[in-house]
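Dear colleague,

Here is the structure for your files. My notes on its core and its aromatic rings follow below.

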Amino acid sequence: MAENGASQRYYRAPCPGCGAPVEFRSAQSTHAVCPYCRSTVVRQGETLARTGKMAELFDDFSPLQLFAAGRVHDRPFTLIGRLQYGYDGGRWTEWIAALDDDRTGVLSEDNGAFVFALPFDLQRAAPSAAELRVGATMAFHGQPYTVTSNEQAALVSAQGELPRLPELGRRFAVVELRGENGQVLSLEYDTDPPSAWLGRAVQLEDLQLTGLRDESAKEEKGRSFNCPNCGATVTVNLADSKSITCASCSSIIDLTQGIGGKLRHALQDEPVQPLIPLGTVGQLQGLDWQVVGFQHRMGVAPGDDEHFGWSEYLLFNRKRGFSFLVDSEDGWSVVRPTTGAPTMSKDGSKATYLGTVYKQLYAYNAETSYVAGEFYWQVQRGQKTFNRDFASGSSLLSMERYANELTWSSGSRIDSAAVAAAFKLGGRKDMFKRNDALPLSAGAGVGCGTIILVVVVIVILLIILSTCSGPGGGGGGMRSSGGSYGGYSSGGGHK
């Protein structure tokens, strides 16, 4: 039965499973999940046919909920359904948005932020998922995109009305490609041909959302559990956490399958004490950020045997998602995962992002040596990546390559004194100083005469050394590990 609502025409019919009313607000919706008995139904003319029963929703503690409304591209939309997917690295949610012009969009999470996407016409047959190797570049509509993720996923649960409904539990390929101007192109191979969606990052406040989930409705029951190693109480504070460490025994606990069943964990010895304690709130770039995670990482350049280390603090702001405060030998920096993927030259010496050209500083292999706190990706001790760090002035750009994923981060350097002040640790500011401050402090009391004298001495030494060196003398020169900036890279699974 079709009815005229206050804002648009919608369709209502009794559920074939329990008789309760099931509504369709969008003309694009073909499937729905009954809110009473969770039967999955499909529209067949003026009636509904039952096709099965949907699994229970995984509570992601999202601020979004059905029938929340907002505006995008200056057009109103309403959230009418959601799809929850699972893959080896965890789970993610896609909210179905009905626009007022009968189009359907998707609002999904992306590295702690959100992406709003609309259907995209490929204008030619899509390549098979096997052809889209992570790191490869492919053009659509004349625009180059980099393959940043190629995963096998499966529908875990669903709610509301839906333009499509993948078979519950059946795995299929999901490929993400990203452009240098911030575009995200998703190919979902649950249909033939695959569906394509093109979107960009959005901030929730920019969508002017109303009808969000009330903070008081976010029940915390079930968010605490006993550590599978030592039995101590562990509390999950963030909605999207996929890994957490036990404060008592430092075990890393895998949360990708929820906390109701058997929890996988890994022991850690030789704990590393973060300079900024977990839970500390500081103000950076005009926003309040809480330290929710910490990891120490080691790096080594290919063919080198000299290792270097750095630390990364995972910061969280409810409206802006996640950022990273990176502590390396040569200084501090603040970086965030990018939505798009920069374009890199074939030899890796340059990368271009949002119109800026960055020069490569270092390329190295990285490994996670210690973690503490909560993380929105599945973190593991011993997790390995290949990283490239780029810079343009004070602006930074980094790439991390996993087996099935490529992530980019961008940001800028920050003064060590500003970091100490931001987290109200001014009394320990000397502990925050890094090598980037040495040239300035060392040169403060050096006069021109001293500099000239030093140059003359160096020239004389070079002449003496060249005289002493025979034809068979080694020409190795000075070797750098290439990793003093090996802290720009950070992040994890994008979902």
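Over the face of which residue does R43 lie, at 4.3 Å from the ring centre? That residue is Y11. R43 also lies over the face of F24, at 5.0 Å from the ring centre. A charge counts as over a ring if NZ of Lys or CZ of Arg is within 6 Å of the ring centre and within 35 degrees of the ring normal.

This is a predicted model, where local features need pLDDT of at least 70, side-chain atom pairs count only at pLDDT 80 or more, and totals for chains, interfaces and linings use all residues. Residues are numbered from 1 along each chain as its sequence is written, and side-chain values use heavy atoms, leaving out hydrogens and water.

The search of the whole structure gave 18 aromatic pairs (rings of Phe, Tyr and Trp, the last by its six-membered ring, with centres within 6.5 Å; planes under 30 degrees apart are stacked, over 60 edge-to-face, the rest tilted). Y87 and W92 form an edge-to-face pair, 5.5 Å centre to centre with 70° between the planes. Y87 is buried at 8% relative accessible area, and W92 is buried at 5% (buried means under 20%, exposed over 50%, partly exposed in between, with a 1.4 Å probe and protein chains only). Y376 and W377 have ring centres 5.0 Å apart and planes at 75°, so this pair is edge-to-face. Both Y376 and W377 are buried. Ring pairs also link these two into a cluster with F316, F322, F324 and F375.

W332 touches, among others, I276, Y313 and L325 (contact means heavy atoms within 4.5 Å).

Regards

How values were computed
Lists of a residue's contacts leave out its neighbours within four places in sequence.
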